Amino acid sequence: MTSASKDRKDQVRLGFMTAIEIVDRTFVGGLLVTDRFGRPLEFQCTTPVKPNRTQELLYGPTLVPFILGELLGKTLLDRISVKPTLVLTSRVEMLQLRPTASLPVLFDEASSPSDSSDTATRTEVQKDQQVRFGRQTFRMHKDFLSDRAIVERIALELSDDANMHEPLQRVGEALRETMSTVAVRPRVA
Amino acid sequence: MLSAQNHRNLPERDASFDVPCPRAFDFPFETSTVELLPTVDIFSSGSNVALNRWLGIECQKIEAGLVVGTVPSWKPGWPKVHTVGLAFPEAIEFQPAPTERDGEQLKTLRARKKKPDGESDDSQVATKSTRLRPPSDALSLEDRLFYILQPPLETMLAGQDLIMPFEPFPHQYEGIGWLFSQKSALLADEMGLGKTMQMITAVRLLLRGGQIRRILLVCPKPLIPNWQREFRAWAEELPVVTVEGDTARRNLIWKMPGVPILITNYEVMVRDMEAMPEDERPKFDLVVLDEAQRIKNRDSKTAVVTRDLNRKRSWCLTGTPIENRPEELVSLFEFLEVVPPRATPDLRQLSRLADVYILRRTKDVAMKDMPPRLDRDAYLELSPAQQYAYTVAEKEGVVQLNEMGDQVSVQHVFELVLRLKQITNFDPLTNESSKLDRLVADMEEIAQSGGKAILFSQWTKVLDWLGARLQQFNPLIYHGGVPTKKREPILAEFKADPTRHILLMSYGTGAVGLNLQFAGYVFLFDRWWNPAVEDQAINRAHRIGQTSTVIVTRFICKDTIEERIDAILTQKRAIFESILGAGDESNVTLSLNASEIFGLFDLKARHGKGTKKIAPAKAEDAKQDAA
């Protein structure tokens, strides 16, 4: 292996982002950045966020995508020191992060939680939105199909059978552990 | 239009009327007609006169503002979201393993795992996942998250940046994960389940994860080559340095920076640490004691010096955490720093500590598909010459002991036992030996089938004696008298040379740490005092990697001291479970205690063989009986 090739491999940083709903419409988000082998480099999780009644009424169906994508997702991405090369998420709502971020955001449909608010999660996705990454197939943001080239380039640095689904489970477990350990009062807007 | 058609009291005139446009309004205002059809019942109340009056309309000017506003106003503001972060230590970079250096494709564990028909067993790999669990003493959230966020062991190891020569077994994955997360750990797997590999892999992961940077492994001297070999096999990229040579060289090695793993033996470690000023002693992130029963006596110099080692983590490896008394565990726990110095926990407390800090699996549970071990006790008659020598020695010995009266001690009895045991091996005058005859018979069969056997004896002299008489099987001898440097080649030759059918070993040197799973037969030529040591010896062959049934033959001469020792040892074989489990047998020991050694002859007396009691308390009775 040449040193340039090794450097390129070492520069791959994978971001695994998810959010869980701890009580009614109260969300907490987490982002784990790993190297290409899934070894953790940094983890950030947010304090819980709960929308107030006015926000619920006025945001309507865009509320959860806004909280998960723009509020939690963007905050996590801003705060993390080890910047990921791309972000994988198990929440379809977090695809909304893509327009505000300058890196590919991929949604792992297979690991989407059953309580996901977006019922369109299971709907058929256009073929051109799908991209293979490791062992799984992910969905890209429909307005950023040009991400495919970046994603495929990063995928070359990974093992073909790398399980990209598993780290998302780790993040979910870490969020649940955090919530069970720390009694945090949700930040009501 | 106002209408009063239905109003009975209004004058009969057109009740509608025009409402003039008030002049105050500046904008065009059309005249509108308003219907007034009040339905009012008139009662004779005397006040109805008001109804006869015309309605008065008063117009007022109202300012209608020209700017439209929304009240209240709302801006979509959200509170600042806070985050909690956890950074992981950077991994240490080691030289790449050879396959990577050579530019070859990294081997993966998945590729190695084949179904019988040659296809990869993907489904099994996909479903198997050993997650690290936070240790019970990890209280802070950061500590717990550290473990939760680690990838499964299979992911860490499977053909990524850590090459493994073999796919670990499930119990080994579990052991690696457990060690990884424990600061204090006693891995007490039964011999042959791969403690060495589990320890090396856990160390490798901790080093890779930046959790530890400097490790000291202390083991018995004969096992150093074994550890060096195992490190080469399981973690070739890790630089390992053995602390050896003269004092100056050893001092240099102790203080050498950048060496992640140091290996030394107990004697060197004790000597060097004692000679070193306290503030100059090296510091370690992890100290591992192999065959940790070496520190079972908490007051021994080895135990004291070992406890003083500067370290952050402490691990012990042993297949026999309790050789004699449950209290031996306390010394190990003291090293692990899970009990205070000089603590005396009772059995219940020991049992609770064992649940947390000891991981012990037995082959029955962990390796269900491992070839079985068949134990067969060969009860042999002494040859005539042996029988004569034995009878004479026993009679003379017992008489001698009885004559000593109250002066008799365990040591005296012990000497007699040893003498008798030696005669059961062979008669020193005639060299007759029923054990040898049986051994030769068995070995002929084994050699014919191309098999290999290991033989254990307590005495090196017996091994040399056997070596001279087993030449047809091309024997090799391995005991404490063989120089250390020559030991490894002996083992290698035994493995590689198909004409070498038997390896003669002493319990003391050959019973621990060696991997001889290519041998399918084990002979215990004479019995050791402790069944745990015998098990260790047997497990040199009956261990992971063994492909065939291991046949263990114990030679026991009938109506001799061996039979009586065997009876006691058999009763004690279940001791590990009782101590590591409920633990209510505080006085039980694995080795023979003083009263049991005295009782060896008492047993024979009860069988009517004429030997009398020799215990000090009843010495007078014994004298009378002997007379």
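In what order do the six strands of the open sheet in chain B run? The order is β9-β14-β13-β10-β12-β11, and the pairing is parallel. Two strands pair if DSSP finds at least two bridges between them.

Before I go on, a word on the source. This is a predicted model, where local features need pLDDT of at least 70, side-chain atom pairs count only at pLDDT 80 or more, and totals for chains, interfaces and linings use all residues. Residues are numbered from 1 along each chain as its sequence is written, while chains are lettered from A and ligands numbered from 1 in the order in which they are written.

Angles run from 0 to 180 degrees between N-to-C directions, and axes are lines fitted to C-alpha atoms, for helices over the stretch in contact. Inside the sheet, β10 (residues 453-457) and β12 (residues 502-506) of chain B pair in the parallel sense over five bridges. I454(B) stands opposite L503(B) in β12(B). Helix α19 (residues 484-496) of chain B packs on the sheet, touching β11 and β12 of chain B, and its direction makes about 140 degrees with that of β11(B). Contact between two residues means that their C-beta atoms, placed from the backbone, lie within 7 Å.

Next, a pair of helices. The axes of α15 (residues 384-404) and α16 (residues 410-425) of chain B come within 9 Å and cross at roughly 175 degrees. That makes α15(B) roughly antiparallel to α16(B); angles under 35 degrees count as roughly parallel, over 145 as roughly antiparallel, 65 to 115 as roughly perpendicular and the rest as oblique. Among the residues making the contact are A389(B) and L401(B) of α15(B), and L416(B) and I423(B) of α16(B). The contact residues divide into nine nonpolar, four polar and two charged. Nonpolar covers Ala, Val, Leu, Ile, Met, Phe, Trp, Tyr, Cys and Pro; charged covers Asp, Glu, Lys and Arg; the others, Gly among them, are polar.

Which residues of α16(B) are buried? They are V413(B), L416(B), V417(B), L420(B), K421(B), I423(B), T424(B) and N425(B). Buried means 20 or more other C-beta atoms within 10 Å of the residue's own, exposed means 12 or fewer, and partly exposed lies in between, with C-beta atoms placed from the backbone.

Another buried residue is N265(B), with 22 other C-beta atoms within 10 Å. N265(B) is found in strand β5 (residues 261-265) of chain B. Its C-alpha atom is separated by 8.5 Å from that of L223(B), 42 residues apart along the chain.

Last, the two chains together.

How values were computed. Helix = DSSP H or I, 4+ residues; strand = E, 2+ residues; numbered from the N terminus.
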